[in-house]
Amino acid sequence: MPGPRRGRRAALPLLLLLLLGALLLADLCLHLWPRARRELPGSCPCAARPAPRAPSALRRLFAHPLYRAQPRAAEPLLPARSALRYYRRRAARWSRRHKLYREELNLTSPAAPLLLRPDASWLQFHLGISRDGLYPRSSPAVNRLLHDMQGFTTISADYSQDEKALLGACDCSQIVKPSGVHLKLVLRFQDFGKAMFKPMRQKREEETPEDFFYFVDFQRHNAEIAAFHLDRILDFRRVPPTVGRLINVTKEILEVTKNEILQSVFFISPASNVCFFAKCPYMCKTEYAVCGNPHLLEGSLSAFLPSLNLAPRLSIPNPWIRSYSFDGKEEWEVNPLYCNTVREIYPYSTGNRLLNIVDMAIFDFLIGNMDRHHYEMFTKFGDDGFLLHLDNARGFGRHSHDETSILAPLSQCCIIKRTTLLRLQLLAEPEYQLSNVMRESLLQDPLAPVLTEPHLLALDRRLQLVLKAVRKCIDTYGEAKVVANDTTQPKAPVFDRVKLNT
């Protein structure tokens, strides 16, 4: 049969051609192309090595010498052994109470005892607190803690001390100033760690209305998250680690709480969403409730500080406290020489307390927080300890307005720490622009984007206003009387400070 033979003979040249092409391709890849790459680097984009990625703005910032200074041997807040012993007793007591609670409800499934792990991230965070700040630079415990708060199972939920004080359930006068305007819950996780949960009350793109007084403003969960990131970028390290999370309000709050009052304020909305509200003397109507969609609700989780039994704290009125009334004004708002009076009062007369107040004022101005009526300090570190920047949820309310009165401690006292000024100047440079490093840092949060672009750009604008205020002070009094080392404030100028307002 000649047909098939003729077909095979016709296909033979094609096979030879394919074989020859394969040999040429192999020779090109194995011999000719490597030689050409050595002689003409980058001549073929398909085989060229990818260019190394430039380090991110955030990494460049934290690699800068201002953020790499060797810390001194800082005094820890807690002795490790006694803290571990205390928390083990607390965990055992919680397990016993939880067992009794389940027996009262006739729940037959056994509850596993809660074991305290010494390597738990929240415990390592507590043990890392020192005289220098709430956590060391590049602390692995903080990153672990943020990760754990995102995903750990919630085993209990309760009202915060604010709501309990309003309900008369505890005496919390030393550590809280109850307002009742914002709902906060304490969530405990499977590793016995605790966090303060603040639910979403306002959408990111919404601004605080101009007619709102600062003391009735909404409190924003994303402001708490952003404040933690900004505090770390400024190297203050005075805001507890805070992260965003989607909470299932049914499974992670209602079904795990033992508080009957909290259980009673849950309801189903007309849109079939699960909602709850604060049980307190005011703002207790269903229209002020927070609702899931239908169960999931955004919120911020701020890590708890050590127990007051282990690390007592003082709550101290801010010398630049605002008037919490519709028409009143405090002395600092009408007297440009007010700082002279403050400087005569201990502990603002010596040490670094007044410098820390200025740090806090700069931080509050950048986030737009007008509600800093008190500040807290660990008693162990004495009068020169750092100030805690807690409760930042009223920040980031209006990106279109810069409330310069928040800077009164800086503009009236005309002092600032040298390291604070150097970092602010660094963050004003294009390579380390504050808005860029904040944008990058906030992308690490599960609820990103945390801030809208106008809020990020407002940080750059406000930073320039801070530096302008410092330059005005230096022009008036000289750098030696304005810029201080970090532990001792410079001697107060003897001439009249009223000229700063002229």
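Which residues lie nearest the centre of the largest cavity, and how many residues line it?

Modeller: This is a predicted model, so local features need pLDDT of at least 70, side-chain atom pairs count only at pLDDT 80 or more, and totals for chains, interfaces and linings use all residues. Residues are numbered from 1 along each chain as its sequence is written, and side-chain values use heavy atoms, with hydrogens and water left out.

The largest cavity is lined by 19 residues. Asn318, Trp320, Asp364, Arg372 and Ile406 lie nearest its centre. A cavity here is a set of points, on a 1 Å grid over the protein atoms alone, where a 1.4 Å probe fits but cannot get out; lining residues have an atom within 4 Å of a point. Its volume is about 160 Å³, taken as the space filled by probe spheres set on the points, with grid points joined across faces, edges and corners.

Two elements give two or more residues to this lining: α12 and α13 (408-413). Helices are DSSP runs (H or I, at least four residues), numbered from the N terminus. α12 gives the most, with four residues. By class, the lining has 11 nonpolar, four polar and four charged residues. Ala, Val, Leu, Ile, Met, Phe, Trp, Tyr, Cys and Pro count as nonpolar, Asp, Glu, Lys and Arg as charged, and the others, Gly among them, as polar.

The second largest cavity has a volume of about 50 Å³. Its lining includes Trp122, Phe152 and Lys194. Here α5 (140-151) supplies the largest share, three residues. The lining has five nonpolar, two polar and three charged residues.

Technical notes. 1 Å grid on protein atoms, 1.4 Å probe; cavity = no way out; pocket = protein on both sides within 12 Å on 5 of 7 lines; lining within 4 Å.
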